[in-house]
Structures are given as structure tokens and as C-alpha cells.
Amino acid sequence: MHPLHALQPQAVWQWFADICAIPHPTYQEAALAEMIVNRAKEKGLDVRQDEKGSVYIRKPAHGAGMAGKPGVILQGHIDMVAQKTPDSSHNFATDPIRPQIIDGWVHATQTTLGADNGIGAAMGLAVAFADDIEHPPLEVLLTLEEETGMGGARAMRGDWLQGRYLINLDTEEAGCVYVGCAGGRNADLSLPFETQAAEGQRFRIEVAGMHGGHSGIDIHRGYGNAIKVLADLLVRLPEESGWRLASIHSGELRNVIPSKAEAEIVLPAAFAATLAQLADTVRAETQNELGQFADSLTIQVAPAGQGGQAASHADSRRIADLLAVIPNGVLKWSEEFDGVVDTSNCLSVVHTSDGQFSASMLLRSLRERPKDDVCRLLGSLARLSGATLRADQDYTGWEPHMSSVLLKKTAEAFAAVRGEQPQIEVVHAGLECGLMQKHLPNTEMISFGPTIKGAHSPKEKVEISTVEECWRILLDLLQRID
């Protein structure tokens, strides 16, 4: 028996187990979407897919008096962030996620779990496939490519949807209702350099054991950034060493705070002790600054042969200086919402390949102007360093509407199930609601979900009791729609 099948609500956890069984990292969701479509057809549901592959399911109202009520859209995404521990052999393209239950939480085994947003998708599907749940006219929209630029939401067919209300099931704090979110923009810096034969000892530097996390909801938590730690070490190398950068690599996804970074450099063997001492110094200072979030931090320096191809010292210094000055983390706190980040930037991915250095970032802001401001700053840094800036994949934030009917009904459902009013929040992470407002301008939207910790990292886990609570709130809310 699958470990999740014994959990309640059973229909939700069975769907989540089925989702975990089919690999579905971003850009590889087709098999999962096909399974859902086939099962919907077998159930006799009206189902279709758009050009991107997002799944649309329509189901008539069920229950006395429900047919005349306004329609509801349940919405989530079915792609997941693919991250694993350094010692994991998991292949996200072929291997299922292996959930396990520990102390009231569902974890994966050395990988991300995909509760973001598989658990939300499972709730929507559980309602659509149920024969004993009363609900108004129902639509379920499951998008693809949310985690890398919200491709599914960009390509969605608003003319295929009829619901007056949309319930997004992609937030991660029980007891909260979200009514707004940050917008985002991708930014990429590229810097060409010439490689030349380098003399001296080659060393591999690895920063590892940092916390990682979600570049939106975790950006303010003080987890640290492995790329910035590595840059801190490189810029401290003495000028007289003439050190040269052979390679640098970190990260794969721009919406993940990097937990590991590595570089290879060439410098005279006489500076080997200096390098080792600097590594110890930077590690100690970082641990002192980050506290518990750097308890597992390691900075290892190991010989990696002799010489080889590397950038010039001047180009190496320019790359290190650029990494050191790129703004990272919280740039401004909101003046309207207490404790909410207004604007941030996450330096997520760096690579060198074929004489080209690249750095990828994700800018987020509750407002549009700050994204332009940060891009202008990055443009200035690019010009000063000889790099090129490209900014694209912009998406708008989701503007709060505090007087919406759906928010009022949702608050009533929370009070009925939890015995207290929900916290009304704005989240710094990107939700698809911002883009969907463009396609569905007359549709009211809210978002809620169970408690998920460590999203976008192998520490991801979802709290079992809050899944059941969230399910009860959803069912209660469907009864209140009028």
C-alpha cells in the first residue's frame, strides 16, 4: 500500500500519490497531463488542452440548487522544481518522487516533493472526480511551466473559461488568504572572456551545505546565497597572486536560492596556504552572520591538477567583482503591508562555457516601477564591467481587491472551519493570478493552501493536518458561492 493512501482526505492524497508517480519537472509535464486527460475522459468529464498543454476540465453543477450559482474555477500548476541533495542519484526525467511520512509531515526522499503545487492540483482533481461533493458549475485549470516564467498562464485560453470566481490553490501558509502577489522579471548578464594557457596550481573551490529555498517566499529569511559566498572569497584573493578563473558554476533554476557553488582557479602554489586560510575565514564569517542557517556550510579547497586553460587575471577579477556587487536579497520592504517584501533580486545561476560568463537572476516586486529601477542598476553594472544585460519574461503582480465578494465568502469559510478569521496577506512570490487577470478581467480571485515548508529545495515538506483543513475550507467555500 502506498504510504499516502492511508491519509485523509483520501481522494486528495490518492491523487497526489498518482502525481508523484509520474515525473513532471518543468518542461517535462506532458506524461502527467496525458494521464489526467485520459482519466477525465474515462470519467466522462469535458476536458481539453491548449497549445501549451495546460489541462481544462469542465463539470456541471452537482447538488440541489447549485446549477443556478456562478461558476468556480479551481486552479493550480502541475510542474515542479527539480532539486535534490548532493548524494542523491534521483533522475527527475525517469524516477518517481518517493514520499515518506515523518512526524506529521510528508517529505520526499532526498528531493523536492512537488507539493508546490501538486497538492493544490490534487485538491482540484479530487473535487472534479468526486460523485458526492456538491458544487456550483466547476472548472479546473492545471497549467504548465509555472516555475520558469509562468508559460502556462501566459498561453492560457481565457475564452475557454466561464467561472465568475477563481480559487488558486498555490500558496503555502495555512490560515492565510492571499489577495495579491509580486510580479517578476528575468535578468541575465553575459560577459565574454578569452581563455589562455595558465601556469600554476589548479584548485577547486566548493561552497556547499547552505539552506537553499524559494527565491520569493524565502528571500527575506536570511538563508544566504552560495554564489555570493563564493564571490566573497574570490574578491579577497590577493592581487599579487595573479589568480585566474578557469570555471565557475552554480544553480540551475532562477527561482531557487542557490545552496551550492563551485569554481576552479589557477594561482601560484606559493599562495595555496593563503587560499585555504581565506576559505576558513569566509566560512567562519558567514556562519557568524547567518547563524543556524549556515550550520552545515562547508568551503572546501582541493588541488585539481596543474594549469590548463583559464581567463586572464583582469577578466577573472572583473567576473568576481561583478558577482560581488550584483544586488541580492531584499531591496525594499513594503510600506503598505507589514512584514512583506516589496522588491527583491535573487542571483540564482552562474556558469562559464566556451569563453562566456553568464549570471541569471529573478527580480520580484509588488509594483512595476522598481523592476525598471533594478534593471537600470544592472545595466549600469553591465556597462562598467563590459557585460551585456538582457531582461525579459516580465509578468505583472496581482493587485489586491479587498472588497471582493469571493474574499468575503472565503473569510466566512475559514471562520466556519478554523473558528477564526484568516490572515489576509500579499505574497512576495509570483502567483499566476497576476497574469490570469489579463485573460479574465471580470473574474474575482483568491488563493489559499496548506502549510508547505522548504519549497524549491530538498527540504520541502507539507503538513498533513493542514491539507485536511484546507480541503474542508474548500468544500465549505463551494457551498457558500452564490
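Helix 2, spanning residues 30–43, comprises 14 residues and extends 20 Å from its first C-alpha to its last, close to the 20 Å expected at 1.5 Å a residue. The model described here is predicted. Within helix 2, the buried residues are Leu32, Ala33, Met35, Ile36, Val37 and Ala40. Gly44 follows helix 2 and has a positive phi, near 85 degrees.

| Pocket | Volume | Lining residues by class |
|---|---|---|
| Largest pocket | About 960 Å³ | 16 nonpolar, 17 polar, 16 charged |
| Second largest pocket | About 800 Å³ | 11 nonpolar, 14 polar, five charged |

In the largest pocket, the lining consists of 49 residues, and His214, Gly216, Ile217, Arg364 and Ala429 are those nearest its centre. At least two lining residues of the largest pocket come from each of strand 15 (341–353), strand 16 (356–365), strand 17 (388–395), strand 18 (423–427) and strand 20 (452–453).

The second largest pocket has a lining of 30 residues; nearest its centre lie Gln83, Lys84, Pro86, Ser259 and Lys260. Two or more residues of this lining are contributed by strand 11 (244–250) and by strand 12 (261–267).

Note on methods:
Residues numbered from 1 in each chain as written. Predicted model: local features only at pLDDT ≥ 70, side-chain atom pairs only at ≥ 80, totals over all residues. Heavy atoms only, no water. Helix = DSSP H or I, 4+ residues; strand = E, 2+ residues; numbered from the N terminus. Expected span 1.5 Å × (residues − 1). Buried < 20%, exposed > 50% of the residue type's maximum accessible area, 1.4 Å probe, protein only. 1 Å grid on protein atoms, 1.4 Å probe; cavity = no way out; pocket = protein on both sides within 12 Å on 5 of 7 lines; lining within 4 Å. Points joined across faces, edges and corners; volume = space filled by probe spheres on them. Nonpolar A, V, L, I, M, F, W, Y, C, P; charged D, E, K, R; others polar.
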